[in-house]
Amino acid sequence: MREFRIEVPESELDDLRERLARTRWPDPATVPGWAQGVPLDYARELVDHWANRYDWRRCEAEINALPQYRTGLDGGGDDTVDVHFLHVRSRHTGAIPLLLTHGWPGSIVEFLGIVEALTDPPDPADAFHLVIPSLPGYGFSGKPTVPGWGVERIATAWAQLMDRLGYDRYAAHGGDWGAAITSALGTGAPENVIGIHITMPMAAPPPDDEARPLTEAEKQALADRKAFMKVGAGYAHEQSTRPQTLGYGLADSPSGQCMWIVEKFWDWTDCAGHPENVIPRDRLLDNVMLYWLPDAGASSARLYWESYKRRRMDEVPVPAGVTLFPRELVRPPRHWVERRYTDLRHWNEPPVGGHFAALEQPDVLVDELRTFFRKLR
């Protein structure tokens, strides 16, 4: 367990600005708006801001103000990855240890805005100790050098991490891949997990003899998912099949890496057409920097290669809570979810919000975490 600080050399920031200045731009889309991807005029505007006005040292200082560490974890395998994580303990006695796991194209940046609310709440009885790791191959964690680091192995590594920190009972939350890993943790270490909360539940449809009629809202949610898989899932097909090929462009071009990520913050947020309606520009770029600086384009994509086509729907027996935002990518019917999460104790569907809950609706997410885990204290 080694203390860690982010200290990016100024030469890397100079290199970034030089690369941004040399961006070779594509021609504009043949249709207006975002239908073919990030519009050229917005891409130019965003890159100009990144190169000339964005301040990485602000974000670096924000993260460095929190206790952070690296430690080697093997997840039950033969090789070890150095995992970077924040460990922010509450001053309140009785605080519950809470593991927060991000997904792609997110990072620990997603959770920075809710750290204080969770560790030092108005009611001390709602306090949490926070453990916020960067996934292997993401952010300032090390990169796997051999295959095998999929969802279940990362969940095992997270159990190792919590044990190493001295937490024999803890709670967990996640969205995107974080939801899959959190669910696998609930399956693999039920004796240690107090309960899990997720924002993107994955559940298979029941067999025909157990099927129930769907509501109109549930039918629409399934139709939305089908449409997304047809026109919005190209990134997943590429990352799950050829992450290395994709990685050459992402490693070489910061503009390319930025647009690869920012498009998803347009498509997956409840943003009324523009990502900056719900997430400030600098925060979007903070998240991009956790891919660009550590050259994590290919290594982060490999999680799809490891797990996308091997997704398991194992039963999750621990107490579970689900907050399903209206612009979430996956919104299965509740009775589907109840078949997999057999002790589902909390279900809520807020009126607004999307895939990046901690960034889009931080107050709502904090309230949901407090409400659900209050039942398990």
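On a 1 Å grid over the protein atoms alone, a cavity is a set of points where a 1.4 Å probe fits but cannot get out, whereas a pocket is an open set with protein on both sides within 12 Å along at least five of seven lines, and lining residues have an atom within 4 Å of a point. The structure is a predicted model, in which local features need pLDDT of at least 70 and side-chain atom pairs count only at pLDDT 80 or more, while totals for chains, interfaces and linings use all residues. Residues are numbered from 1 along each chain as its sequence is written, and side-chain values use heavy atoms, with hydrogens and water left out.

**The cavity**
- The largest cavity is lined by 17 residues, and those nearest its centre are Glu110, Gly175, His355, Phe356 and Ala357.
- Strand 6 (170-174) and helix 14 (357-360) are the elements that give two or more residues to this lining; helices (H or I, at least four residues) and strands (E, at least two) are DSSP runs, numbered from the N terminus.
- The lining of the largest cavity divides into six nonpolar, nine polar and two charged residues, where Ala, Val, Leu, Ile, Met, Phe, Trp, Tyr, Cys and Pro count as nonpolar, Asp, Glu, Lys and Arg as charged, and the others, Gly among them, as polar.

- The largest pocket has a volume of about 840 Å³, a volume being the space filled by probe spheres set on the grid points, which are joined across faces, edges and corners.
- Of the 39 residues that line the largest pocket, Trp34, Gly37, Glu263, Lys264 and Trp266 are the closest to its centre.
- Helix 10 gives the most to the lining of the largest pocket, namely eight residues, and by class this lining has 21 nonpolar, eight polar and ten charged residues.
- The second largest pocket holds about 550 Å³ of space, and among its 35 lining residues the closest to the centre are Val151, Trp177, Ala180, Arg311 and Arg312.
- Helix 6 provides the largest share of the lining of the second largest pocket, with eight residues.

**Aromatic rings**
- The whole structure contains 17 aromatic pairs, a pair being rings of Phe, Tyr and Trp (its six-membered ring) with centres within 6.5 Å, counted as stacked with planes under 30 degrees apart, as edge-to-face over 60 and as tilted for the rest.
- The ring centres of Trp34 and Trp266 lie 5.0 Å apart with their planes at 10°, so this pair is stacked.
- This pair links distant parts of the chain, 232 residues apart, since Trp34 sits in the loop between helix 1 (10-21) and helix 2, and Trp266 in helix 10.

**Crossing helices**
- The axes of helix 3 (residues 56-64) and helix 11 (residues 281-292) come within 10 Å and cross at roughly 75°; axes are lines fitted to C-alpha atoms, for helices over the stretch in contact, and angles run from 0 to 180 degrees between N-to-C directions.
- Helix 3 and helix 11 are therefore roughly perpendicular to each other, a term for angles of 65 to 115 degrees, with under 35 roughly parallel, over 145 roughly antiparallel and the rest oblique.

**Backbone details**
- A cis peptide bond, with omega about 0°, joins Trp104 and Pro105, and Pro105 is in the loop between strand 4 (96-101) and helix 4 (115-119).
- Ala272, in the loop between helix 10 and helix 11, has a phi near 55°, a positive value in a residue other than glycine.
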